[in-house]
Amino acid sequence: MNILHIDSSVLGEHSVSRQLSAAIAARLQAAAPGATVHYRDLAAQPLPQFTAAPGAAEGEILAAALEQVLAADVIVIGAPMYNFAIPSQLKSWLDALAVPGKTFQYGANGPEGLLGAKRVIIASTRGGYYGADTPMAALEHQESHLRAFLGFLGIKQIEIVRAEGVKVSDAARAQAMTAAFEQIGALQAA
């Protein structure tokens with residue numbers, strides 16, 4: 001199994017999403033001995049912004065990011081919520097993945113995703129509460145964006161490990177982390 005581990009939080013060692021994504025990658029590796037993990041830190045080494053005509057160096061960086069995804073069986077994404085959405089570094093990575101003929105194609109019935117065999121596990125973290133049953137639900141553009149984008153690429157196996165309310169109080173953070181780590185402990189290799 002080839003695991004691609006992506007982090008996007010700018011908070012370094014203080015990041016909840018990094019803690020969860022690392023635990024997910026470790027759990028998968030433990031469940032599938034011999035699995036390899038390739039790591040990309042989008043905050044430490046952001047991809048170039050998407051442009052109409054990238055230079056040669058930018059084009060190589062973007063192509064390498066795409067190749068990592070194409071080679072992966074499982075993709076683990078650390079995705080904190082920043083201002084109701086995903087970090088700009090994560091958005092740049094997603095932009096690099098939307099390549100006609102590689103990750104999707106247009107046909108008679110519209111777009112068709114080509115990454116259907118991939119499994120994606122998202123370590124989603126939020127300072128507050130943005131679930132469907134909350135007053136802030138209309139402002140949730142993080143998980144919904146990731147689900148829509150990954151779905152466009154044909155990925156159907158999307159799992160979310162969520163720690164929500166981590167900035168509400170110490171007790172809320174502890175409860176969210178406990179629940180997330182329990183969910184991680186139950187993850188299977190396939």
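Student: Why is Arg18 called buried?

Tutor: Good place to start! In this predicted model, Arg18 has a relative accessible area of 13%. Buried means under 20%, so Arg18 is buried.

Student: What makes Arg18 and Asp41 a salt bridge?

Tutor: Their side chains meet at 2.8 Å, N to O. The cut-off is within 4 Å, so the pair counts as a salt bridge. Arg18 sits in helix α1 and Asp41 in strand β2, so the bridge ties together parts that are 23 residues apart in sequence.

Student: Why is Met136 called partly exposed?

Tutor: Its relative accessibility is 32%. You can find Met136 in the loop between β6 and α4. Together with Phe84 and Leu139, Met136 makes a nonpolar surface patch of about 210 Å².

Student: What makes β2 and β7 edge strands?

Tutor: Look at the order of the open sheet: β2-β1-β3-β6-β7. β2 and β7 each have a single partner strand, so one side of each is left without a neighbour in the sheet.

Student: How do you know that β3 and β6 pair?

Tutor: Count the bridges! Seven join β3 to β6, and pairing needs at least two, so these strands pair. They run parallel, and Ala79 stands opposite Ser124 in β6.

Methods
Residues numbered from 1 in each chain as written. Predicted model: local features only at pLDDT ≥ 70, side-chain atom pairs only at ≥ 80, totals over all residues. Heavy atoms only, no water. Patch = residues over 30% accessible without salt bridge, like charges linked within 9 Å, V, L, I, M, F, W, Y side chains within 5 Å. Areas by Shrake-Rupley, 256 points an atom, 1.4 Å probe, with all protein chains shown as cover. Helix = DSSP H or I, 4+ residues; strand = E, 2+ residues; numbered from the N terminus. Buried < 20%, exposed > 50% of the residue type's maximum accessible area, 1.4 Å probe, protein only.
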